[in-house]
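Dear colleague,

Please find below the structure that I am handing over to you.

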Amino acid sequence: MMRLRATACPVLRPVALRDVSPLLPRMVIIGEDSRFRTHHGIDFAEIEDALGVQPGRGAWPAARAAWRHRDRLRGASTLTQQVAKNLYLSPSRSPLRKLKEAVTAVRLELALPKDRILELYLNVVEWGPGVWGVAAASQAYFGIPPSQLTEEQAGALAATLPQPRTSNPTYLPARMLARRDLILARYRGVDVYIPPVMEEVELDSLPPIPPVVVPVLPPVIDSLMDSLKVRPDTTRDTTRDTTRARTDTQSTSRSGITSAM
C-alpha cells in the first residue's frame with residue numbers, strides 16, 4: 001500500500017527532465033493531455049469533445065458552443081496552454097485571457113521542443129497548496145527526489161494535477177486515488193476512459209471565515225477594573241502636594257534656625 005506523508009515544503013530549484021523519473025511525464029501526459037506529442041499547442045479535438053460539438057459543423061457553431069459552455073474549456077487545456085498561463089498570464093478566466101493563452105501556447109510550440117515544454121510544465125505547475133514544481137511535490141509527499149518515483153507515486157502526482165488544492169495525496173486522497181487507478185490502468189495498456197476534470201473550487205466560493213468578535217466584559221468586571229485603575233492626574237496632584245509640603249517644611253526649618261542664631 002502506498003504510504004503518504006506531508007512535510008514542510010522546501011524551496012527547491014527546478015530540475016531537468018532527465019532528472020525526473022520517466023514514469024511521471026508519461027503519467028502526466030496520460031492524465032492531462034493524451035495528444036501532447038501530436039498537437040501544436042491547442043487540441044481542437046479535445047475542445048470539441050468538451051463542448052459537445054460534432055466535428056465538421058463549422059467555426060460559428062463551435063464559437064457559440066464555446067461561449068455557452070466556456071466553463072468546460074479548462075478541462076480541454078493542453079500542457080502547453082497551462083505553461084503559457086503559469087508563466088505569462090493572470091489566473092483570470094475571461095474569454096480574452098483564454099485567447100491570449102491560446103496564442104501564447106502556439107508561439108511556445110513554434111519556439112521550443114516538446115520535451116522542453118514538458119520540463120517547464122513539471123517545474124511551474126502547482127501540486128498542492130504552496131507546493132510548486134515536481135521537486136517540491138516529490139519531497140513534500142514522498143520524501144524522495146523525483147528521479148526515484150515509483151509507478152504508484154508518479155500516478156498519484158499526475159492524478160493530483162487537475163485539482164491540487166482540493167484533492168492531493170494528503171487532503172481528500174480518495175478522489176485522487178480513484179483517478180490515479182485510471183491513469184495506471186491506461187499506462188498498463190487497459191483501454192479505460194479517464195473523465196475530464198471538474199471545475200476546481202473557486203476560492204471565492206469557499207465559506208467565509210467568521211470575523212473575530214471582541215467579547216464584552218460584564219458590568220461587574222468593568223466596575224472592578226475601574227476601581228483598580230490608577231488615575232494619572234490624581235497621582236500627579238498627590239505628588240505635587242507632597243513635594244510642596246516638603247518644601248514648606250524645609251523653609252520653616254531654615255527660618256527657625258536663622259532666628260535662633
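**Findings**

Buried residues, meaning those under 20% relative accessible area with a 1.4 Å probe and protein chains only, make up 36% of the 261 residues in the chain. Please note that this is a predicted model, in which local features need pLDDT of at least 70 and side-chain atom pairs count only at pLDDT 80 or more, while totals for chains, interfaces and linings use all residues. Residues are numbered from 1 along each chain as its sequence is written, and side-chain values use heavy atoms, with hydrogens and water left out.

The chain contains eleven helices and two strands; these are DSSP runs numbered from the N terminus, helices being H or I of at least four residues and strands E of at least two. Along the sequence their order is α-α-α-α-α-α-β-β-α-α-α-α-α. Of the contacts (heavy atoms within 4.5 Å) with a separation of 6 or more, 66% are between residues 24 or more positions apart.

Helix α7, residues 134-142, is mostly covered, with eight of its nine residues buried. Among them are V134, Y141 and F142. The cover over these buried residues includes α1, α6 (114-124), β1 (126-128), β2 (131-132) and α8. Just after α7, G143 has a positive phi of about 70 degrees.

Two of the covering helices also meet each other. The axes of α1 (residues 23-32) and α8 (residues 151-160) come within 8 Å and cross at roughly 40 degrees; axes are lines fitted to C-alpha atoms over the stretch in contact, and angles run from 0 to 180 degrees between N-to-C directions. The two helices are therefore oblique to each other, the term for angles that are not under 35 degrees (roughly parallel), over 145 (roughly antiparallel) or 65 to 115 (roughly perpendicular). On the α1 side, L23, L24, M27 and V28 take part, and they meet E151, A154, G155, L157 and A158 of α8. These residues divide into seven nonpolar, one polar and one charged; Ala, Val, Leu, Ile, Met, Phe, Trp, Tyr, Cys and Pro count as nonpolar, Asp, Glu, Lys and Arg as charged, and the others, Gly among them, as polar.

Finally, L172 deserves a look. This residue lies in the loop between α8 and α9 (173-187). Most residues other than glycine have a negative phi. At 41% relative accessibility, L172 counts as partly exposed, the class between buried and exposed, the latter being over 50%.

Yours sincerely
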